Amino acid sequence: MIKKYNITVNGNTYEVEVEEVGSIASQVLKTTQSTLVAQPSPQEQNKFESPSTFSNSSGNINAPMPGTISDVKVKVGDSVKKGQVLLILEAMKMENEIMSDSDGIVTSVNVSKGESVSVGDILLTIG
């Protein structure tokens, strides 16, 4: 049995056909245009451009998501390079490398191994 639907994604309307396969509830989508891909809005794109770093102009490195610090790889006074892994943040059973977005010297480390953090918490500062 094939059913037709119109689906709107980010203002673009696509006509799709849904075919029920066998007695299982699995469905196959076929678009009448090219592949249907949902694109993030420009605001969302900028928000997630660099998921492993979340910093601001003051040199603070903030937590991009809630989680637990599983390793701190730097200490106050360490010289760091852009792209260097500063710490590991475990979130949803995945380890996320938090990297430096600039060269500098670590001026403060505000978290320790095993500590829980929330979105936006200042993890460390690079001066």
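**Figure 1. Strand β11 and its antiparallel partners.** Strand β4 (residues 60–62) is joined to β11 by three bridges, and the two strands run antiparallel. Within this pairing, Asn60 has Thr125 of β11 as its bridge partner. Strand β9 (residues 104–109) is likewise connected to β11 through three bridges in the antiparallel sense. Here, Val106 has Ile126 in β11 as its bridge partner. Strand β11 is mostly covered, since four of its five residues are buried. The model shown in this and the following views is predicted.

**Figure 2. The protein as a whole.** Read from the N terminus, the elements follow the order β-β-β-α-β-β-β-β-β-β-β-β. The protein has 127 residues, of which 27% count as buried. How many of the contacts between residues at least 6 apart in sequence join residues at least 24 apart? The share of such contacts is 44%.

**Figure 3. An open sheet of four strands.** The strands of this sheet are arranged in the order β8-β7-β5-β10, and their pairing is antiparallel. Which strands form the edges of the sheet? The edge strands are β8 (94–99) and β10 (116–117), each of which pairs on one side only. Strand β5 (residues 67–72) and strand β7 (residues 85–91) are paired in the antiparallel sense, with four bridges between them. Across this pair, Asp71 stands opposite Ile88, a residue of β7.

**Figure 4. The largest nonpolar core.** This core contains 17 residues. Which of them touch the most other members? They are Ile69, Leu86, Leu87, Val117, Leu123 and Leu124. Strands β7 and β11 (122–126) each contribute at least two residues to the core. The largest share comes from β7, which supplies four residues.

**Figure 5. The surroundings of Leu86.** Leu86 is among the residues that touch the most other members of the largest nonpolar core. When neighbours within four places in sequence are left aside, Leu86 is in contact with Ile61, Val72, Lys73, Val74, Val80, Ile98, Met99, Ser100, Leu124 and Ile126. A further residue included in this view is Glu97, which is found in strand β8. Glu97 and Leu86 are 11 residues apart along the chain, and their C-alpha atoms are separated by 7.5 Å. Is Glu97 buried, partly exposed or exposed? Glu97 counts as partly exposed because its relative accessibility is 44%, a value between the limits of 20% for buried and 50% for exposed residues.

**Figure 6. Two salt bridges.** The count of salt bridges in the model comes to two. In one of them, the side chains of Lys73 and Asp71 meet, with a distance of 3.1 Å from N to O. Lys73 counts as partly exposed because its relative accessibility is 46%. Asp71 is also partly exposed, with a relative accessible area of 28%. Asp71 is the residue that stands opposite Ile88 in β7, and Lys73 is one of the contacts of Leu86. Lys75 forms a salt bridge with Asp78, and the closest N and O atoms of this pair are 3.2 Å apart. Lys75 has a relative accessibility of 54% and therefore counts as exposed.

**Figure 7. The loop between β7 and β8.** Met92 lies in the loop between β7 and β8. Although Met92 is not a glycine, it has a positive phi of about 50°. Is Met92 buried or exposed? Met92 is exposed, because its relative accessible area is 76%. Lys93 also has its place in the loop between β7 and β8. The phi of Lys93 is positive as well, at about 65°, although Lys93 is not a glycine. With a relative accessibility of 79%, Lys93 counts as exposed.

Methods: Residues are numbered from 1 along each chain as its sequence is written. This is a predicted model: local features need pLDDT of at least 70, side-chain atom pairs count only at pLDDT 80 or more; totals for chains, interfaces and linings use all residues. Side-chain values use heavy atoms; hydrogens and water are left out. Two strands pair if DSSP finds at least two bridges between them. Buried means under 20% relative accessible area, exposed over 50%, partly exposed in between (1.4 Å probe, protein chains only). Contact means heavy atoms within 4.5 Å. A nonpolar core is a set of buried Ala, Val, Leu, Ile, Met, Phe, Trp, Tyr and Cys residues joined through side-chain atoms within 4.5 Å. A salt bridge is a side-chain nitrogen of Lys or Arg within 4 Å of a carboxyl oxygen of Asp or Glu.
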